[in-house]
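Hello,

Here is the structure I promised to pass on. Have a look at it first, and my notes follow below.

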Amino acid sequence: MAKLLRTAVAASAVAVLALVTSPARAAGTDQLPYSATTGVGVHNSYDKAAFPYFADALDSGAGMLELDVWTNVFGASWRVSHENPTGNNNNCANATTPAQLRTNSQNRDLGGCLADIRTWHDAHPGHRPVVLKIEMKDGFLGTAGRGPVQFDTLLNTKLGDALFRPADLTGGHATLDEAVQAGSWPTRAQLAGKFIVELIPGTVEESNPFDSFWTDKEYATHLRDLKAAGTLSQATAFPAVHSVTAAGDPRTRYPDTTLRPWFVFFDGDAAAFVNNGIDLAWYDQRHYFVLMTDAQNVAPAIDGTNPTEQQARDRLALLAADHASLISADWRSLPAVLSSVVPRGQ
């Protein structure tokens, strides 16, 4: 019966999805709160195997793009790479003019990637809202001048008013949790021209037995303390509860209860969200943001890089019905899917 119900829901959602390309449907999703829609992102979009230049990723229409960042003392600056902890290996060009987006040399640091984003932003006023998912591969390293304060300084310098910030979402509320449950998310139309930065702890950080102050906890502490000091407007990012695998409120993993209200982003494997008895409607009802990764692995599994367009659309419909805010895979060859936005929970 459950499988039959899921099939029926998916079919209904596909019917909704088929209307996405019509002007009426586009206008309808634009007027929905950002938390009431579902979009599509690209995993590791800084990789040259994914896109020749980061500008190509920005042009793809994707609702989420990802950067992997290293901070350790064995390299200079904030490095952007998947596996190289001491150098940069990416498609960023440190462009300051549109002409440089695809002509400058690549392999730039985080500042260079942010320069591309700002240059593209200035050339595309009113662009779709884009989540910039940043995985801090080995975590912050404040002793080397690469902690949350310096991170904010860099993003404020490079992106400035292009950012939608925690202070913008919090408004006059005491915490992010209080704000979103009160319905503080702007509509997609109101978020036009904005980037939303999500922070997750990285694979190296999470496997480091000597590190217990992971990115999620460290940046949530940063937000709490900035709010207490009356300087929350300096913050640039939203920390996410990472690797959600079980039912219940996953924020109970943080013993310090004062940190829990600063998490309204949740990030984890799509199959774990769907298969582990997690009540995803709970997240949607509270207007929390849920990013489901490896969307291709939810049964029935489809290709993670080159599914048919219909398969990818069906998967978006299925996971939108399961209350995802964003789904991600490596579907960079399907721009019509990457730019799709559908109502969440339908």
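Let me begin with one serine. Ser-45 touches Ala-50, Phe-51, Phe-54, Ala-57, Leu-65, Glu-66 and Asn-91, leaving aside residues up to four places away in sequence; contact here means heavy atoms within 4.5 Å.

Before going further, some notes on the source. This is a predicted model, in which local features need pLDDT of at least 70 and side-chain atom pairs count only at pLDDT 80 or more, while totals for chains, interfaces and linings use all residues. Residues are numbered from 1 along each chain as its sequence is written, and side-chain values use heavy atoms, with hydrogens and water left out.

Back to Ser-45, which sits in the loop between strand 1 and helix 3. Helices (H or I, at least four residues) and strands (E, at least two) are DSSP runs, numbered from the N terminus. At 0% relative accessibility, Ser-45 is buried; the classes are buried under 20% relative accessible area, exposed over 50% and partly exposed in between, with a 1.4 Å probe and protein chains only. A polar atom of the Ser-45 side chain lies 2.7 Å from the backbone nitrogen of Glu-66. For polar contacts, the rule is a pair of N or O atoms within 3.5 Å; within protein, one must be able to donate a hydrogen and the other to accept it, and residues adjacent in sequence count only if both atoms are side-chain atoms.

Another serine, Ser-60, is in the loop between helix 3 (54–59) and strand 2 (64–70). Ser-60 is buried as well, at 8% relative accessible area, and its side chain reaches the backbone oxygen of Ala-57 at 2.6 Å. Beyond residues up to four places away in sequence, Ser-60 touches Phe-51, Pro-335 and Leu-338.

Next, the disulfide. The count comes to one, taking a disulfide as a pair of cysteine sulfur atoms within 2.5 Å. It joins Cys-92 to Cys-113, S to S 2.0 Å, and the link is right-handed, with 100° about the S-S bond. Cys-92 is in the loop between strand 3 (79–80) and helix 4 (110–123) and Cys-113 is in helix 4, so the pair, 21 residues apart, links distant parts of the chain. Both Cys-92 and Cys-113 are buried at 0%.

How well is helix 4 covered? Mostly: eleven of its 14 residues are buried, among them Leu-110, Cys-113, Asp-116 and Trp-120. These buried residues pack against helix 3, strand 2, strand 3, strand 4 (130–136), helix 5 (148–158) and strand 5 (195–201). Asp-109 caps the N-terminal end of helix 4, with a side-chain oxygen 3.1 Å from the backbone nitrogen of Gly-111.

Helix 5 also packs with helix 9 (residues 215–229), at an angle of about 80° and with axes 10 Å apart. Axes are lines fitted to C-alpha atoms, for helices over the stretch in contact, and angles run from 0 to 180 degrees between N-to-C directions. Helix 5 and helix 9 are therefore roughly perpendicular, the class for 65 to 115 degrees. Pro-148, Val-149, Phe-151 and Asp-152 in helix 5 meet Glu-218, Tyr-219, His-222 and Leu-226 in helix 9.

Finally, Pro-33 is in the loop between helix 2 (23–30) and strand 1 (37–42). Pro-33 is partly exposed, at 33% relative accessible area, and touches Trp-185, Pro-186 and Thr-187, not counting residues up to four places away in sequence.

Best wishes

How values were computed
Angles under 35 degrees count as roughly parallel, over 145 as roughly antiparallel, 65 to 115 as roughly perpendicular and the rest as oblique.
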